[in-house]
Amino acid sequence: MSRLIMLFGMSMLCFLGNAQNNLILTGKITDEKGRPLTGASVILFPGNTGMLTDEKGTYSFASLVHGKYQITASFLGYQTITDSLWLNAYHVHDIQLEYVPINLDEVVVRDNYAESRKKSELLSVEVVNDEYLKQNLGGSLMQSLERLPGVSTIEIGSGQSKPVIRGLGFNRVVVVENGIKHEGQQWGADHGLEIDQYAADRMEVVKGPTSLVYGSDAIGGVIDIKQNHVPDKNSLVGEIDLTGKSNNQLLGSSVMVAGRKEWFYAKLQATVIDYGDYKVPADSVDIYSYKVLLYNHHLRNTAGQEQDLHLGFGILLPQFQSRFYLSSVNSKSGFFANAHGVEPRNVDTEAHDKSGRDILHPYQKVNHFKAINKISWQLGKAALSSDLGFQHNFRQERSEYVSHGYMPPELPESLGMNSDLEREFDKYVYSGALKMNYRHNETTVFDAGISSEIQDNNIGGYGFIIPAFKQFTAGAFLIAKYSFSERSRIQVGVRYDYGRINTRAYYDWFSSPVDDDANETEYLQRGEDLIRRFSNFSWSVGYNYTPNEWMLKVNLGKSFRMPIAKELASNGVNYHHFSYEAGNPDLSAEVSYQLDAGAEFHTKKMAIGATPFLNYFPNYIYLNPTSEHDRLYGNGNQVYYYLQSRVFRYGGEIHAHYQLLKSLQVGVMGEYIYSEQLSGAKKGFTLPFSPPASAIINLKYLQDKLGFVSNFYLSLDYRLTAAQNRIVPPEEITDGYQIVNLGSGGGVEVGKQKLEVSVQVQNLLNTKYFNHTSYYRLINLPEAGRNIILNVSVPFTGKL
């Protein structure tokens, strides 16, 4: 493996040795009918360089470096357009100007990053910015993305969730923050992501296998979180965000300030959130045939707190950039008291109902520290970048000690652990990547990279479910892109991955009888020393064609995922839903073959598109319930084993938008996924947490100025979700539902200070419904009731 990586590194150095020129930006300026505008003015910033288009309406800027640019196109009698774009390779950017009968002072400013990413990415991709996130605030960052077609979440209360892309979640979806894969304890159904949603500048959701670039775990897709906003030279910028939510009485605030001199910048951000128990439109819930009465509709002990701190700084030079990101995300949140560890009838409801904001047992406390360095430099035809990361994830789950099975009535003091420390996970992660973009000529571009990651995960507490482990992964990829023309491109890529995982032996701290003989006891071994190695070649081939108003793409590829420690070596009770889970040390690595396609037609007033996919797993890993029951560690919990089966999936997303009037838009977005196990104990069944078909009908009203409000918007979403009748035990059929969400906002000036205000009313009609992909669906908990969300952003600027 080391020889392969060394050979790959030498190849990259050879590329760098041949580097001579810099990046090129070119394109055409046309009118509304596509006719070239000769003599149009084109200005590029930074640099303030400009030129006039030739007789074909063509412009071209050479000797550019990697980074963000603004390009302004103007022509007498036409509206001036300013576009924002990100340049990291040879780039074609066409601009169409609109004829106006009178001279307008208005300049239309557009962010074309999303459009250019969709054209360049062969898989289906969604791009959102911080404005979108503020207008669609959920209980967590992942919940704020649920409006996107093909994206859902597995929710664990009001403040915790994990992403699901096209029905695949957990360790099949990679979350990347500033170039580094986020590594926490994603294996747990009740473990959310430790990411501050206020700190995200832009997010990309790639739907489909992205193992080619991101390696194992990206078999279902990737969510790429970027914090790349940098102030202009010699300036100071900042923002204060204030958020309130009615359902769980959330109060949140985030303060950001950033400054830049000539080549150095720094950014500091702090976030504080505090929320109470959230409410559901029900007086009681049924948990495993036991009726639990709710006090004032509150779910007991679902309150939480979060405190986050971020520091970013860096050096920005024309040929070289180095950025550092430091973050510490801290949270404490309660588990629904009637559904964790102890039976529902044993909960002290009087203590929990005294306050809706206190956090009692059971609860989880998490700290995630992250340090990242990103370096990029331009060497002629080659753009080279490196990503280095360190992460420390420390999680504690605390619950009042309860004797299960042969555990002693009280925790012995000789163990030296807190009596309420049920589980502890302490993970250290070291990662690094080196990537290169090399432009061989105007038609051929190469992307290459090597990456590696080391994980060291330790455990503690009186409970056991997975052993401590160490994991090493490394990979290398090469992607070739060839352009037949400005609008026609083929892409071929290959990747090799190697992984090694070593789980450590674990013995019970208490003794259990041997073969039901009470006179003979022993400390049972729950985990063994296990070493598994995995390797794989992944590949992908795709074609992209963008003629005029059309965008067509197709991609076929193979990806893989190596099993995680929980799948290989778990051996304990999951007290969150009363099951005993047993790993399988003989699992093979998952392999996936997927065909993705996309077609979109767009004009000035309308857009319509579809992104279908076909997916086949020859060895999908899943948790299978059996008729066995555990006798040692609980009250007869049902035993689940990790198995593998062949799985076939298909589905896709559709969207259509139309400009009814100048200020009125209508749109529809929909998604559908079908999954079926073709072999194994659950042959004919679907996969767990399969999202049902759903659609959103949206009506949006926009005005540049409405009274004292600028950039006013009013949005109405009508979400229709079908019943999910195709389930896999122990899931239950989930009825369909319809909910209405309302949003409005805009800019308001108070004195000389501008404010950005957004208001949402989620579940406007306070509908009682169940979300099939919610963790709490297993215990028949409905989703949150009506929730009014207010967010106020106060931007400020200054000079340095």
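These legends describe close-up views of a predicted model. Local features need pLDDT of at least 70 and side-chain atom pairs count only at pLDDT 80 or more, while totals for chains, interfaces and linings use all residues. Residues are numbered from 1 along each chain as its sequence is written, and side-chain values use heavy atoms, with hydrogens and water left out.

**View 1. The two assigned domains.** The domain assignment gives domain 1 (2-100) and domain 2 (115-799). These bounds come from an automatic or database domain assignment. Over C-alpha atoms, the centres of domain 1 and domain 2 are 35 Å apart.

View 2. Strands (E, at least two residues) and helices (H or I, at least four) are DSSP runs, numbered from the N terminus. Two strands pair if DSSP finds at least two bridges between them. Strand 13 (residues 173-177) and strand 16 (residues 221-226) are parallel, with five bridges. Val173 has Gly221 of strand 16 as its bridge partner.

**View 3. Strand 15 within the sheet.** Six of the six residues of strand 15 (residues 202-207) are buried, so the strand is largely enclosed by the rest of the structure. Buried means under 20% relative accessible area, exposed over 50%, and partly exposed in between (1.4 Å probe, protein chains only). One face carries Arg202, Glu204 and Val206, the other Met203, Val205 and Lys207, and both are covered. Strand 10 runs antiparallel to strand 15, joined by six bridges. Here Asn129 stands opposite Arg202. Strand 16 also pairs with strand 15 in the antiparallel sense, over six bridges. Val205 has Ile223 as its bridge partner in strand 16.

**View 4. The surroundings of Arg395.** Arg395 belongs to strand 25 (residues 382-398). Its relative accessible area is 1%, so Arg395 is buried. Its side chain makes polar contacts with the side chains of Glu194 (3.2 Å) and Gln364 (2.4 Å). A polar contact is a pair of N or O atoms within 3.5 Å; within protein, one must be able to donate a hydrogen and the other to accept it, and residues adjacent in sequence count only if both atoms are side-chain atoms. Beyond neighbours within four places in sequence, residues in contact with Arg395 (heavy atoms within 4.5 Å) include His191, Lys365, Arg423 and Phe425.

View 5. The peptide bond from His361 to Pro362 is cis, with omega near 0°. Pro362 sits in the loop between helix 5 (349-353) and strand 24 (363-379). Phe689 is not a glycine, yet has a positive phi of about 60°. Phe689 is buried, at 15% relative accessible area. Asn766 also has a positive phi, near 55°. Asn766 lies in the loop between strand 45 (753-762) and strand 46 (787-799). Asn766 is partly exposed, at 32% relative accessibility. Most residues other than glycine have a negative phi, and most peptide bonds are trans.
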